[in-house]
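Good morning, and thank you for coming.

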Amino acid sequence: MTPDDQQLLSWVPRLRRYARALAGNRDDADDLVQDTLERAWAKSALWRGVADMRGWLFGIMHNLHVDGVRRPRVATQVLDDDTPEVAMAPAQGDRLAVLDLQAALDLLPLEQKEIVLLVALEDMAYADIAKTLGIPIGTVMSRLSRGRERLRALMDGRAEPVRLKVVK
Amino acid sequence: MNPINDPITEAELHAFVDGQLTPERHREIDATLAQRPEEALRVQAYRDQKRELRALFDPVLDEPLPQRVLAAARPRAPWYAQRWVAGVAIALLSGAAGWGLRGAWSTTSATGSALATARFAQRAAVAHAVYSPEQRRPVEVDAAHEDQLVTWLSKRMGAPMKPPHLQALGYALEGGRLLPGGQGPVAQFMYRDAGGRRLTLYVSNEIGDLSPAASGVRGGNPETAFRFAREGQLNVFYWVEGRFGYAISADADKPALTDVASEVYRQLAAAAPEPAR
């Protein structure tokens, strides 16, 4: 094996950790990892030019996941970051059920979930996240802020500002 | 500077949590937070989130790697991608190793996305399950009108669609039909053996668009990877070649299906024009 080959293998556990958090279950996560690795090999001619191997690999995974998540579903209207948040009336008893972390995470919009996870699991610098996901750093910050606040509200069982989706 | 009057932006608050500030700014905010209980509470909550997320998902790091992931992480052996002849032999072997495990795709390389090809194979299996029990109308155009069948399917699929002949293996062509695929038409050829058991060959021209080879990333001659899947009693043997995905479905055992797949592959390769250079 050349150093590059070893390098790819060395990222696999971390790709699996992120994929598990993203996909929510083991089989879908490993499908995603497998696809990511296959795509990485298909593009291995580009490796020499890749300075940030982690960002490159996670970027491939991001693209595959977005494709995979979108394809089977009914087309939905994407709400952009400028969509005002709608404060929902508090649920009965002013309390929502307290969720466990995994369940709360799955209620985050993908765009927020990805960033919360890259920061938490990978300790990725904001600028690297922007590059990995191909979005401006300001967008990274606003999604991180929304994602964390929403996760906190879900974990606390508070009625929270949600974006046109009632969680009961 | 008076820390109480020093505004902390939302972005800075997060950068503070994540240790992405300069040491100087970090100290300033640290001092300011002592007087801002609400922000301090948020900082604590976000730190807890990070810690809990790590606690939840870090165990994945220590799991043994599944075989298919391990295989995908390894470099392609040079002989693998060389020629389809070698590819067939090796892929058959590795496919056989994974045989019988429901949902366990072959652990060798895949041309295209594992998810997309798995969906394709599933559609082929469903099409087989729907049409193969038909006694009176298993096909739209029967083998007696093979010329018409070839003309029709070739026109609709936008490429020559000639059914392989499998009499030598005991399967006679019954005919074929056009079906809806994921985005456009797919062709299904139906065969039956002397005992009346059916075998279908499902051909899609959509799948290759998803593969890195077809999108020109790798260029040159795309390799072929064979995969097996099992849907109940049904065995599906499928592969991607260029733009086309092929799936052979039958309630037949592994050696029989392997022979059929090799023969189909051989006939398709023999019929295919040399790629333009």
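The term pLDDT denotes the predictor's confidence in each residue, on a scale from 0 to 100. We need it at once, since this is a predicted model. Among the elements of chain B, helix α1 (residues 10–17) has the highest mean pLDDT, at 96, while helix α5 (residues 84–97) has the lowest, at 42. Over residues 77–112 of chain B the pLDDT is below 50, and this stretch has 71 contacts in the model beyond near neighbours in sequence. For chain B as a whole, the mean is 77, and 75% of the residues reach 70 or more. For the complex, the predictor gives an ipTM of 0.79 and a pTM of 0.52.

Let us turn to the interior. In soluble globular proteins, nonpolar side chains tend to be buried together. Here the largest nonpolar core has 43 residues, and Y18(A) is one of those with the most contacts inside it. Domain 1 (3–70) and domain 2 (86–162) of chain A each supply at least three residues to this core. A second, separate core has 41 residues, including V203(B) and F228(B).

Finally, the sheet. In chain B, seven strands form an open sheet with antiparallel pairing, in the order β1-β2-β3-β4-β7-β6-β5. Strands β1 (141–142) and β5 (226–231) of chain B each have a single partner strand, so one side of each is left without a neighbour in the sheet. Between β6 (residues 234–241) and β7 (residues 244–250) of chain B there are seven bridges; Y238(B) is partnered with A247(B) in β7(B). Helix α8 (residues 254–271) of chain B packs on the sheet, touching β4 (198–204), β5, β6 and β7 of chain B.

Notes:
Residues numbered from 1 in each chain as written. Chains lettered and ligands numbered in written order. Predicted model: local features only at pLDDT ≥ 70, side-chain atom pairs only at ≥ 80, totals over all residues. Helix = DSSP H or I, 4+ residues; strand = E, 2+ residues; numbered from the N terminus. Contact = placed C-beta atoms within 7 Å. Core = buried A, V, L, I, M, F, W, Y, C linked by C-beta atoms within 7 Å. Buried ≥ 20, exposed ≤ 12 C-beta atoms within 10 Å, placed from the backbone. Domains from an automatic or database assignment. Pairing = 2+ DSSP bridges. Axes fitted to C-alpha atoms, helices over the stretch in contact; angles between N-to-C directions.
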